[in-house]
Amino acid sequence: QFHPTALAVNTEAGNANLPLLTEALRGAGALLVDQAGKRFMSAVHPAAELAPRDVVARAIEQKITAGGSVYLDMRPVIANGLAGEFPEAVHACRDAGLDPAKDLLPIVPAAHYHMGGIHVDDDGHTSLDGLWACGEVANTGVHGANRLASNSLLEAVVYARRVAAAIRRAPAMRDEQPLPIQEAPEVPVPGTEKRLDLIIAATRSAVSRHVGIVRSGVGLQRALQQFRVLDAQLGKIAMCQVQDAAASFGHVLRWSEARNLLLVARLVALAALDREESRGAHYREDFPNPLPEWRRHQSLTVDRLA
C-alpha cells in the first residue's frame, strides 16, 4: 500500500525513509495542489482530497510521472488553529526547512505497508512447524485491498497476543530444521560490498518503476527479468576468508538483505502478474476493472519462482 503524502525531501539521495504527512491533515482541511497552485483531485474523484488512499496516490503519481510536481497545502489547517493537533507533521516540515504556515509542502507517494504476506491461521501458525507470523509480515485477512490505519493495532497487538499464547502451548521443537538453510558466503573480496549495494539499488529501482502504484503486464515481466539477472549476479559474488569477525558479520547481513529483497520483490511481482484485475492498492493499467473471481484470498508458493 502506498501512502499518498510523504514529504519529498532528500529524494535525490535515494532516501528510503521519507517523513509521512498524515492523511488526517486532509481531513482537517489541507489541500492537494499542482505546481501552479491549483487543486486537481476534484476532477479525479467526487470526494476530492478525501478520496480513498489508492485513488489519491495514483492521482499524485500520474501528475509526477507526467513531469509535474504535487504539493500539500497545510495553510488552511494552520489558519483554523489546528497546528497543535499535528505536531509530528509540523516538526518534519521545519526539519526540512519548510514553514507549513507559509510554504507549499512537496510530496510524493511512498511505499507504506505490505498487504498480504505469509499465510497464517487465527493463531499465527504458518505452514512450517515452529514458525509463527504476525503484524505486517502476515496475511491475517483482517483487511482487504485497502488496509485501514487502525488495523495495525489489530494485527500487531491482538495477533501478537495470540501468537504468544500459541507458542506457550506448543510442544518442544525437534532439533532438525524444517528446510535447508542457504548460507551466505562469509566475507567479501575487495569491491564486493559495492556490488551488493548496486544489486540492492537495482532491485529497489526495478520495483519502483514496474511494481509500484501503477502496474502492467509488460512492466512486471521486465521487472521479473531484471530480478533473475540480479539474482544470478548475487549468486556469483566471489568470497574469501579473512580474520575480521566484525567485517564478516556485516557482510553476511548485507548479502542476506540483498537476497531477501530479491525474494520478496519476485514474489510481489509474480502475484501482481497473476492478478489480472485492479483492486484497491493493486492497480493494473492493462486490467483496470475488478473481477468477482478475484475477491477471495490468493496464495503464492515459492516454487512459482522457478
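Predicted model: local features only at pLDDT ≥ 70, side-chain atom pairs only at ≥ 80, totals over all residues.

Four strands make up an open sheet in the order E1-E4-E3-E2, and the pairing is antiparallel. Strand E1 (2–7) and strand E2 (31–34) are at the edges with a single partner strand each, so one side of each has no neighbour in the sheet. From one strand to the next, the twist averages 45 degrees.

E1 and E4 are joined by four bridges in the antiparallel sense. Phe-2 has Ala-111 of E4 as its bridge partner. On the E3 side, E3 and E4 pair over two bridges, also antiparallel. There Tyr-71 is bridged to Pro-106 of E4, and Leu-72 stands opposite Leu-105 in E4. Strand E4 is mostly covered, with five of its seven residues buried.

## Helix H2 on the sheet

Helix H2 packs on the sheet and touches E1, E2, E3 and E4. The direction of H2 makes about 55 degrees with that of E1.

## The nonpolar cores

The largest nonpolar core holds 26 residues. Those with the most contacts inside this core are Leu-21, Leu-25, Leu-32, Met-41, Leu-72, Met-74 and Leu-105. At least two core residues come from each of helix H2 (53–65), strand E3 (70–73), helix H4 (87–95) and strand E4 (105–111). H2 gives the most, with four residues. Leu-72 and Leu-105, both in the list of residues with the most contacts inside the core, also stand opposite each other in the sheet.

What does Leu-32 touch, leaving aside its neighbours within four places in sequence? Its contacts are Thr-5, Arg-26, Lys-38, Arg-39, Phe-40, Met-41, Glu-49, Val-56, Ile-60, Tyr-71, Leu-72 and Ile-107. Among these, Met-41 and Leu-72 also belong to the residues with the most contacts inside the core, and Tyr-71 is the residue bridged to Pro-106.

Another core, of 20 residues, lies apart from the largest one. Its members include Ile-199, Ala-223, Ala-258 and Leu-262.

## Aromatic rings

How many aromatic pairs are there, if ring centres must lie within 6.5 Å? The count comes to zero.

A charge does sit over a ring: Arg-162 lies over the face of Tyr-159. The distance from the ring centre is 5.5 Å.

Definitions and conventions: Residues numbered from 1 in each chain as written. Heavy atoms only, no water. Core = buried A, V, L, I, M, F, W, Y, C linked by side-chain atoms within 4.5 Å. Buried < 20%, exposed > 50% of the residue type's maximum accessible area, 1.4 Å probe, protein only. Contact = heavy atoms within 4.5 Å. Pairing = 2+ DSSP bridges. Axes fitted to C-alpha atoms, helices over the stretch in contact; angles between N-to-C directions. Phe/Tyr/Trp six-rings, centres within 6.5 Å; stacked < 30°, edge-to-face > 60°. Lys NZ or Arg CZ within 6 Å of the ring centre and 35° of its normal.
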